[in-house]
Amino acid sequence: MLSIKNIHASVEGKQILKGIDLEVKAGEVHAIMGPNGSGKSTLASILAGREDYEITEGSVSFLGKDMLDMSPEDRAREGLFLAFQYPVEIPGVSTTNFIKTALNEKRKYHGQEPLDAVSFLKLMKEKMQLVEIDKSLLTRSINEGFSGGEKKRNEIFQMAMLEPKLAILDETDSGLDIDALRIVANGVNKLRNKERAIIVITHYQRLLDYLQPDFVHVLVNGRIVKSGTKELALELEEKGYDFIKDELSLAEAV
Amino acid sequence: MKEELDVLEQTVASDYKYGFVTEIDTDVVPKGLSEDVIRLISEKKNEPAWMLNWRLKAYAHWLKMEEPEWANVHYPPINFQEVIYYAAPKKKKQLGSLDEVDPELLKTFDKLGISLSEQKRLSGVAVDVVMDSVSVATSFKKQLSEIGVIFCSMSEAIQNHPDLVKKYMGSVVPMTDNYFAALNSAVFTDGSFCFIPKGVRCPMELSTYFRINTLGSGQFERTLIVAEDDAYVSYLEGCTAPMRDENQLHAAVVELVAHNNSEIKYSTVQNWYPGDENGKGGIYNFVTKRGICQGNNSKISWTQVETGSAITWKYPSVILKGDNSIGEFYSVALTNHRQQADTGTKMIHLGKNTRSRIVSKGISAGKSQNSYRGLVRAGKNALNARNYSQCDSLLLGDKCGAHTFPYIESKNKTAIIEHEATTSKIGEDQLFYCRQRGIDAETAVALIVTGFAKEVMNQLPMEFAVEAQKLLAISLEGSVG
């Protein structure tokens, strides 16, 4: 589904990603872990099409299409979803109206009629239950005055509504207390299926306890330095990122 | 960052959709202003002597006045001798019904989306249309007159209801009030007149469409609305003009009088030609709008959505004279390209327990300048006067400006005046968030702007709100890629 080949990216002349390779297939859940500043969020941003980054080398294909050629909105319409680390507030625009606009833009792109009000409400009700989100939140301006937990839950709700083929969760666990984390993780688990791939970007193991990824990759200094199964995450949790860095410096020394 | 800004700039570069010219036989008075021109206008309109004298008095006063310069707008001096003060679609004979109106004219109104047709009749909006200088059609007149509501052109009112006109014209905006009001008083050519008698709740929205068509002509209309005790009326006005390279002058006067327990709701969707991307052409819009809450418990509410004009100079105001009276001002002013707007309101509290509310939303894009200027004054007898003002500005891009000039004067200790202001910018983060959800930048800007203006839009009558919302989106088309 997603094929990242040798991606190099920089921002304001500073190189952040130094050759990333990653293959993600339908139905898989990949976790990308790494210390602060390793380039995790940069990777999420360039996949979503943020224009602040310059891609100096490499290619990304998504569902067989050259993704780097596509506008952010077209990537989204093709089925890419990014759950933001810091969802922005848009005063005066209700969450419901926002999602309805997004959904109908996507439908238009695929040559479908816009969803009528009744079907939309029905769909909303169904998904609200799935991710345990309160109705009152959806009539308020999107993210305005939401708590950290509410914002993240709202992201997962949008994911449920937009039914992406590939979802990237960018530090969705940050700033959540344990109860909020469980609710968000439950929501994500319910959205797992054979057709959908998920990339979870996180600093900590605790979200992975709930999500049980198929693969774990460790990103250090702009490179994936180690890949493995979920046991790798546990090892990281136990030993910290330093052990990888030590391994690396050993390897380099040899 | 840079790309996002470029994208913003592109969306702000859009075309004016009402810029066509109607080929129509027009009766034009040669350009220039003098006593003779005023006499000629008055004569063409077959006016009584008192009206002509009133005009001449205003003209004499205007000659002694100086053009105001305090507003935050900049334009080359206007040559008042280059303006055509009277242009009227030629009438072949007195029009008995809409069916006799020039078909070209009706086509124009169709293009404007103004339905003088059955469709609008069904929706129950009575329409008066002013083209260039004269009113050409008023619908529903008969039905309204059965319940005592007078809704006609100002010219007709001068002929048929001289006592009412004499009593109220100039009572809220005196001919000496300001430079442009004096000019209007001298040369005004038409406008709308509404009179709602005691105890009558006007059963339909009254609406006037103003259009400037003739090259080089100015438009000087006067609107007068009087609500007697316990009366209610909701009035809408819309304005458009063709695209012209040179600037055209619009200097209107609107007066509202609300007696005891009455309410006047006045809504404007102003879309005069704003000029092109480089600031060439466009309407100079110098308008004096004022209402007086003459009676106790009366209410006047102004709602405006302003997207047009090269220059806007406009402060719809309320004099709160009656005890417990209420004044409201809801405004969305959108400027793009090189438009300049200096607009706001005045709330003059004179009576006891008077309340006013101001909600102003300014949206600036392109290289435009958008200023809010508002005065709240509580007089010494205005015990317990209460005002709440909220002025929000939204910026698109980094070449435009938003300014707020609030003036507060309180002469008694019981008055409570509150003012809140915010300035925000459509950020690249907001745009990217929308785009990541599949909403393109242009739709995203429309969504964000509509959200920003929602509080004001909610005040508009339903039918107008849809139109106004579209207008906001159109005015910003091209400001984002």
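In the predicted model, helix α1 (residues 40-48) of chain A lies across strands β1, β2 and β4 (54-62) of chain A, and runs at about 70 degrees to β2(A). These strands belong to an open sheet of four, arranged in the order β2-β1-β4-β5 (chain A) with antiparallel pairing. The edges of the sheet are formed by β2 (14-24) and β5 (65-66) of chain A, each of which pairs on one side only. Strand β1 (residues 2-11) of chain A is joined to β2(A) by eight bridges, the two strands running antiparallel. One of the residues paired in this way is A:Ser10, whose bridge partner in β2(A) is A:Gln15.

The largest nonpolar core comprises 189 residues, among which A:Ile168, B:Val233 and B:Val449 touch the most other members. Helix α11(B) supplies the largest share of this core, eleven residues. With residues up to four places away in sequence left out of the count, A:Ile168 touches A:Ala44, A:Leu47, A:Leu82, A:Ala83, A:Ile199 and A:Ile201. Two of these partners, A:Ala44 and A:Leu47, lie within the span of helix α1 (residues 40-48) of chain A.

Between the chains, 19 residues of chain B are in contact with 23 residues of chain A. On the side of chain B that touches chain A, the elements giving two or more residues are α1 (2-11), α10 (428-436) and α11 (441-457) of chain B. The residues on this side of chain B divide into seven nonpolar, five polar and seven charged.

Helices α10(B) and α11(B) also pack against each other, at an angle of about 120 degrees and with their axes 9 Å apart. The crossing of α10(B) past α11(B) is right-handed. To this contact α10(B) gives B:Gln430, B:Leu431, B:Cys434 and B:Arg435, while α11(B) gives B:Ala441, B:Ala444, B:Leu447 and B:Ile448. Classified by residue type, the contact between α10(B) and α11(B) has six nonpolar, one polar and one charged residues.

Chain B as a whole contains twelve helices and 23 strands. Of its 481 residues, 58% count as buried. Among contacts in chain B between residues at least 6 apart in sequence, 84% join residues at least 24 apart.

The buried positions in α9(B) are B:Phe180, B:Ala181, B:Ala182, B:Leu183, B:Asn184, B:Ser185, B:Ala186 and B:Val187. These buried residues of α9(B) pack against helices α2 (35-44) and α3 (49-63) and against strands β8 (222-227), β11 (253-258) and β13 (282-293) of chain B.

Strand β20 (residues 369-378) of chain B is likewise largely enclosed by the rest of the structure, because eight of its ten residues are buried. Ten bridges join β20(B) to strand β18 (residues 340-349) of chain B, and the two run parallel. Within this pairing, B:Met347 has B:Val376 of β20(B) as its bridge partner. A further ten bridges connect β20(B) with strand β22 (residues 401-410) of chain B, again in parallel. Here B:Ala378 is partnered by B:Ser410 of β22(B).

How values were computed. Residues numbered from 1 in each chain as written. Chains lettered and ligands numbered in written order. Predicted model: local features only at pLDDT ≥ 70, side-chain atom pairs only at ≥ 80, totals over all residues. Pairing = 2+ DSSP bridges. Contact = placed C-beta atoms within 7 Å. Axes fitted to C-alpha atoms, helices over the stretch in contact; angles between N-to-C directions. Nonpolar A, V, L, I, M, F, W, Y, C, P; charged D, E, K, R; others polar. Core = buried A, V, L, I, M, F, W, Y, C linked by C-beta atoms within 7 Å. Buried ≥ 20, exposed ≤ 12 C-beta atoms within 10 Å, placed from the backbone. Left-handed = near helix turned anticlockwise from the far one by under 90°.
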